[in-house]
Protein chains: 2
Amino acid sequence: MDISALRTANPEHWSKAAAIRALTLDAVHAANSGHSGMPMGMADVATVLFEKHLKFDAAAPYWPDRDRFILSAGHGSMLLYSLLYLTGNEDITLEEIRNFRQWGSKTAGHPEYGHASGVETTTGPLGQGISNAVGFAMAEEILRARYGKKLVDHHTYVIAGDGCLMEGVSQEAIGLAGRHQLSKLIVFWDNNNITIDGSVDLADRTDQVQRFKASGWHVQEIDGHDPQAIDEAITAAKKAGKPSMIACKTHIALGSSAQDTSKGHGALTDEKLIADAKAAYGWTYGPFEVPADLKAEWEAIGSRGAADRAEWEARLASVSDRKQQEFNRVFERGVPKRLSATIRALKKQISEEAPKVATRKSSEMVLEVINPIMPETVGGSADLTGSNNTLTGDMGVFDIDNRSGRYIHWGIREHGMAAAMNGMALHGGIRPYGGTFMAFTDYARPAMRLAALMKIPTVFVMTHDSIGLGEDGPTHQPVEHVAISRATPNTMVFRPADTIETAEAWELALSSTETPSVLSLTRQNVPTVRTKHTTKNLSAQGGYVLAEAEGKRQAILIATGSEVEIALAARDLLQAEGIGTRVVSMPCMELFAEQDEAYRKRVLPAGPVRVGIEAGVRIGGWDRLLLGERGREAKAGFIGMSDFGASAPAGVLYEKFGITAEAAAAKVKELLG
Amino acid sequence: MDISALRTANPEHWSKAAAIRALTLDAVHAANSGHSGMPMGMADVATVLFEKHLKFDAAAPYWPDRDRFILSAGHGSMLLYSLLYLTGNEDITLEEIRNFRQWGSKTAGHPEYGHASGVETTTGPLGQGISNAVGFAMAEEILRARYGKKLVDHHTYVIAGDGCLMEGVSQEAIGLAGRHQLSKLIVFWDNNNITIDGSVDLADRTDQVQRFKASGWHVQEIDGHDPQAIDEAITAAKKAGKPSMIACKTHIALGSSAQDTSKGHGALTDEKLIADAKAAYGWTYGPFEVPADLKAEWEAIGSRGAADRAEWEARLASVSDRKQQEFNRVFERGVPKRLSATIRALKKQISEEAPKVATRKSSEMVLEVINPIMPETVGGSADLTGSNNTLTGDMGVFDIDNRSGRYIHWGIREHGMAAAMNGMALHGGIRPYGGTFMAFTDYARPAMRLAALMKIPTVFVMTHDSIGLGEDGPTHQPVEHVAISRATPNTMVFRPADTIETAEAWELALSSTETPSVLSLTRQNVPTVRTKHTTKNLSAQGGYVLAEAEGKRQAILIATGSEVEIALAARDLLQAEGIGTRVVSMPCMELFAEQDEAYRKRVLPAGPVRVGIEAGVRIGGWDRLLLGERGREAKAGFIGMSDFGASAPAGVLYEKFGITAEAAAAKVKELLG
């Protein structure tokens, strides 16, 4: 690569891009870890994008109508941090750049949402950013349809690498963006032909241009080091009327001795290599030094959008108070004042009617009252709409000619759905929820984990949550999936017993600002167990006494979801034999763990034997409830699953796997000795 | 659709296919659940494939050189069961067809591997079958290169639906098959344009023909109800020299009133609909009735391959005894006699040298001695070869011009890798192992679960198994992933403390015939803790006393992997204060749970306080070890993670998150009171 030709062709551009490259080399050198090659390869694309196209104001990084820039190839985090520092982002100071990858710094190894403004999403696990971006672009379309172009009119830009495009989830994202002709989504593919193991060719020979075209994208191929070509391609992409992919032929670790090699992908820390690369760039400054005039040029780029932003603020101020309030509320993840009363009214009605319905149906009943008062909800399902019960009458289906539709047919793409929902939540203004079978949590896992890590309140509606699914068999029957979600930090797993608890779970999920929720819902009908109305949301305490022991309390049955019915029946059997038995419903173990010790001890006093009942594995939070945090609290047992399910009608499976009132009662008696 | 034209155009073909359709309607009607439409739509393709092309012998369903038929669209299980019954498979009797989806039947809701011969893999979770198939086809190539065309020369056929192609993992499979030009892989796409939510168009408009071509596939488009076109297309596909996709335009639920509708996807149980469809087919027989002459024709198809098979057996008998023995051994999942001695020799050497290395490096040291004596191992990595340490010197890299290569560069495709490894294990003759970072268990989860469900011994080499990964930060640091694998039934999770335990773990993983293994390995160096050589594989007991208490035993520290070093250091601190402390190393909780109670009580006697140490979440098997199955055994505590990690050097993270010898010793003292 003839660096000198690049330097002389456009020296003004070159020096701006060289600043990114030099900062990258210095930060990785200081950290003695990281990824140098990608920022060095993509600096030209990023410079042109930020200088000429990206609508942003470094002084107002959360401006709702900014363009979004998503670094899907998150290992190249120094590209983003350099851009933020150079343009004047207040979070990413030079000190932070110097502390790249160190404890407490805002410059984590991979971009972490919430560490610094300007990081739109957490990336690193490949394929996530490009899939989040589909949700960002959908959110923009939906909000533009709702609030008008005056308030919402921006682009979503993505840098994706070969790794992003090899991950299967990228196909789900590409298919969705193509299907919905998300014309404000522009993806730069860093076509450097290098991965960690060596040449991309070792593992893939896919013609990416044809692949994107097959899904209806506009595609261009350019030299990723030619600023004019980059500029023209972005201009063309904006006009394409389709999602646009710009294949940027680049050289990883440009201008260094590791250029075009897999070594260049990683941390370049050799001092001679760094010195030689800087010399090739004509970069004569010290480590972490950016000359003041160059920094000023970059800061001018950072304030380029200030006027746009001010105009936008004026436009926001010009709309009706009601519209402004709603706009601000949905972007602040607030709930409407009416939510609480609406849930209470539904609970009252249900406690009187006491229907026997599946909790997936209960969920639909709740959504029927919520969706009309929360215009920010966007629902969907991964091709199981009629099973997940996620569509309510008022939503409308999102489509090319119906951008105000609030329901997404995600197709058979659980992972893409979850990642795009995260994108919607990150974009702001939208409360996304989406459904699939609980067993297919497996497919959505990488994105569900990222929701928890990013602290965003995505809602996963997981129906058919046990062997109660029946004849579809063990591939479709979750056994360990509730445990998997419970094992994940910052995740609320709700397994409601009836319609009342389902309504409470939805209220909590939609009121959450920093924690995603997993709603674990039955396929099969369950009775209303909360027939006595309380205005208080009892599920907010995680677990509570549903039925008190009569006589001396000898046993406590703790159950969730569909198994609460079984616990109540077991209590009847035990009470008939004079064994005083309390039933605790435990719709959310995480919230229960957050209660003070006094409350927890009131619900689960030491002494009586304890039996847990859940049609899943015991691993997953049960033992501490049963045995106590430090042991010795109680003798305990568990009725649940210890192996995969089977294909048969649900009732047969509960009998055969021994999840019955009789088995629970027998376990209590065994423990009582 | 003019059914009568189809009937009259080729009545012999028609009646054979009609038998599949009628059996499907009857079985779904009897079960009152299932999926009728797909078998009705694909009966013509399947009939032509079985009648004219598929190399199989119904009397010898496990014949190693048979063609494999994989129903990736597993919900259409009645297509497969009908074919097996009609061709004379001994497992699938008419009684089994009548018991479709019932407890104990071999005709589960979705095809379950191990329930009946002829079911090559468990399908249902979409996209898995087509991805398994890539592994089947790779296995065939590798074994053909090793044993010659005389013994290995067969095709892998797949029926995939729109759902399979929308799942991201299919792109990983398509890319891999294209890259490696797996010319004996032939995929029929059931192009019926219907999913559960409605028209495919609701969610996807991808041009599948162009998509497959972009990855280097041979593609044909045919009428999936035209037997001659199907026949010709299969013939052409076999000659293509590339993986081949045949897009079959079909009508779901052909000939019924639900044809071409999403209703037709599901269970057609309406008696009039069934009667009308049968009338349209000209099918005049009773439920579950197949006329004898038609059954005989199908059975002739079932025995068509008997002569081929006999010739193959003669060829096998003609090769050297040594080659025969090896061929049979690898297909029976046997290990070479030398394995045990080889592992023992390595253990002896290591216990003397006592290296301080990362267990991922230990794993490489083990593979260096195993791979030369186990020609059936096929290794690989999802683009982390140098980090996972999965490549040894003798393997060679699998490629178009090196089919005997035993190492696969899977690319950034953890899910596709896991699914294809499952396919290799299912094919037989191969022991697959593959690596990625432990955190990316998330991406591979759906296939890892299926390995456990199918009872196949796939080995997942998961390195960088804690915050010890360091600066790459929380996206790359597993916290809940060991727990996730432990929560999964029939999965052995090995978290070895040093090279000795790593060697023992590999021996157990490679000796397993029915259980997949997850090897949880460190990035960071750990000392050899087992410096006293034992010929016995102590890890086979799951956990064992590594260091005994001196003086009165007051505490037991239980640790795994990299935290065993911390436990030993904590013991030193406690013993220095006169607190007798035992250290138990627990490399495999699942194997420990399988030991008899006497052994478990010997290792974990009631009385002393217990502290568990693992750089992961407590959920995941810890509580029962700490507190006892029924509680009351001990006072207990845990040193580990309760939230996500962070980006910083590993040593800093251990300090900051409090996973230290000092913290463990303090916890013991706190519990002792």
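Good morning, colleagues. Please keep in mind throughout that this is a predicted model.

I begin with the places that a database record marks on chain A. An unreviewed UniProt entry gives the annotation "binding site" to A:Asp162, A:Asn192 and A:Ile194. These residues are spread over 33 residues of sequence, yet they cluster in space, with a largest C-alpha distance of 7.8 Å.

Let us take two of them in turn. A:Asp162 belongs to helix H7, which covers residues 162–166 of chain A. Its relative accessibility is 8%, so A:Asp162 counts as buried, the limit being under 20%. What does A:Asp162 contact, once its neighbours within four places in sequence are left aside? The contacts of A:Asp162 are A:Trp189, A:Asp190, A:Asn192, A:Asn193, A:Ile194, A:Thr195 and A:Val200.

A:Asn192 sits in a loop of chain A, between strand S3 (185–191) and strand S4 (194–195). With a relative accessible area of 8%, A:Asn192 is buried. Beyond its neighbours within four places in sequence, A:Asn192 is in contact with A:Asp162, A:Lys249, A:Thr250 and A:Ile252.

The UniProt record, again an unreviewed entry, also lists A:His35, A:His265, A:Arg360, A:Ser387, A:His464, A:Asp472, A:His476 and A:Arg523 under "binding site". These residues are spread over 489 residues of sequence and are also spread in space, with C-alpha atoms up to 47.8 Å apart.

Two residues from that list deserve attention. A:Arg360 is placed in helix H16, residues 359–370 of chain A, and counts as buried at 17% relative accessibility. Not counting residues up to four places away in sequence, A:Arg360 touches several residues, including A:Ser387, A:His464 and A:Arg523. Others that A:Arg360 touches include A:Gly386, A:Asn388 and A:Thr463.

A:His464 is found in the loop between strand S12 (459–463) and helix H20 (481–487) of chain A. Is A:His464 buried or exposed? A:His464 is buried, its relative accessible area being 4%. Its backbone is also of interest: A:His464 has a positive phi of about 60°, although it is not a glycine.

A positive phi also occurs at A:Asp383, a residue other than glycine, where the value is near 65°. A:Asp383 lies in the loop of chain A between strand S9 (377–381) and helix H17 (385–388). At 5% relative accessibility, A:Asp383 counts as buried.

I turn now to aromatic rings. A pair of aromatic rings is described by the distance of the centres and the angle of the planes. How many aromatic pairs does the structure hold over all chains? The count is 34. One of them joins B:Trp63 and B:Trp312 edge-to-face, at 6.5 Å centre to centre and with 65° between the planes. B:Trp63 lies in the loop between helix H3 (37–53) and strand S1 (68–71) of chain B, and B:Trp312 lies in helix H13 (residues 306–318) of chain B, so this pair ties together parts that are 249 residues apart in sequence. B:Trp63 counts as buried at 5% relative accessibility, and B:Trp312 counts as buried at 3%.

In chain A, ring pairs link A:Trp63, A:Tyr147, A:Trp312, A:Phe327 and A:Phe331 into a cluster. Charged side chains meet rings as well: A:Lys295 lies over the face of A:Tyr85, 4.6 Å from the ring centre, and A:Arg21 lies over the face of A:Tyr281, at 6.0 Å from the ring centre.

The C-alpha atoms of B:Thr235 and B:His53 are separated by 8.3 Å, while the residues are 182 apart along the chain. B:Thr235 is placed in helix H10, residues 227–239 of chain B, and is partly exposed, with a relative accessible area of 30%.

Finally, I come to the contact between the chains. It takes 111 residues from chain B and 111 residues from chain A. The area buried between chain B and chain A is about 8900 Å², and carbon and sulfur atoms give 55% of it. Between the chains, the count is twelve salt bridges. One salt bridge is formed by B:Arg413 with A:Asp204, whose closest N and O atoms are 2.8 Å apart.

Thank you for your attention.

Terms used:
Residues are numbered from 1 along each chain as its sequence is written. Chains are lettered from A and ligands numbered from 1 in the order in which they are written. This is a predicted model: local features need pLDDT of at least 70, side-chain atom pairs count only at pLDDT 80 or more; totals for chains, interfaces and linings use all residues. Side-chain values use heavy atoms; hydrogens and water are left out. UniProt positions are given in the numbering used here, feature names are shortened, and annotations may be inferred rather than shown by experiment. Helices (H or I, at least four residues) and strands (E, at least two) are DSSP runs, numbered from the N terminus. Buried means under 20% relative accessible area, exposed over 50%, partly exposed in between (1.4 Å probe, protein chains only). Contact means heavy atoms within 4.5 Å. Rings of Phe, Tyr and Trp (its six-membered ring) pair if their centres lie within 6.5 Å; planes under 30 degrees apart count as stacked, over 60 as edge-to-face and the rest as tilted. A charge sits over a ring if NZ of Lys or CZ of Arg is within 6 Å of the ring centre and within 35 degrees of the ring normal. Buried area is the accessible area (1.4 Å probe) that two parts lose on being put together, summed over both. A salt bridge is a side-chain nitrogen of Lys or Arg within 4 Å of a carboxyl oxygen of Asp or Glu.
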